[in-house]
Amino acid sequence: MVPFLLAGIGNTIFLIVLFTAYVKVTPSEYLARIVGIHLAVATAGMVSSFLLSSALIGAVGVHGAFRLEAAGIGATLILGIFLLRPLITAREGTVVLRSVR
């Protein structure tokens with residue numbers, strides 16, 4: 001039960017930061033589209049994970065599926081850092097998001 005609680009807290013913090021970044025970086029006339037795309041991609045990811053999980057577990061087993069998940073999370077984290085790096089600047093010990101226009 002505790003891992004789910006920690007995951008929920010982490011997810012909440014992440015979503016607050018993510019949507020704050022959307023608001024700061026995106027021009028106001030495109031904000032609804034960006035949030036809509038985010039939610040559509042997130043929903044498509046959840047649906048595809050439910051559809052593909054049984055085939056994946058059948059092919060590589062439960063432990064292999066967890067290993068693939070861990071590798072995917074790590075790759076996403078590293079890729080996200082490199083993709084977001086141009087938008088983030090450090091100024092006096094704080095992180096400031098730059099607008100791309």
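Helices (H or I, at least four residues) are DSSP runs, numbered from the N terminus. This is a predicted model, in which local features need pLDDT of at least 70, side-chain atom pairs count only at pLDDT 80 or more, and totals for chains, interfaces and linings use all residues. Residues are numbered from 1 along each chain as its sequence is written, and side-chain values use heavy atoms, with hydrogens and water left out.

Phe19 and Tyr22 both belong to helix H1, three residues apart, or about one turn of the helix. The ring centres of Phe19 and Tyr22 are 5.4 Å apart and their planes stand at 85°, so the pair is edge-to-face.

His38, placed in helix H2, is in contact (heavy atoms within 4.5 Å) with Leu15, Leu18, Phe19 and Tyr22, once its neighbours within four places in sequence are left aside. The table gives the accessibility of His38 and the two aromatic residues, where buried means under 20% relative accessible area, exposed over 50%, and partly exposed in between (1.4 Å probe, protein chains only).

| Residue | Relative accessible area | Class |
|---|---|---|
| Phe19 | 25% | partly exposed |
| Tyr22 | 17% | buried |
| His38 | 19% | buried |

Besides Tyr22, the buried residues of H1 are Leu18, Ala21 and Val25.

Conventions. Phe/Tyr/Trp six-rings, centres within 6.5 Å; stacked < 30°, edge-to-face > 60°.
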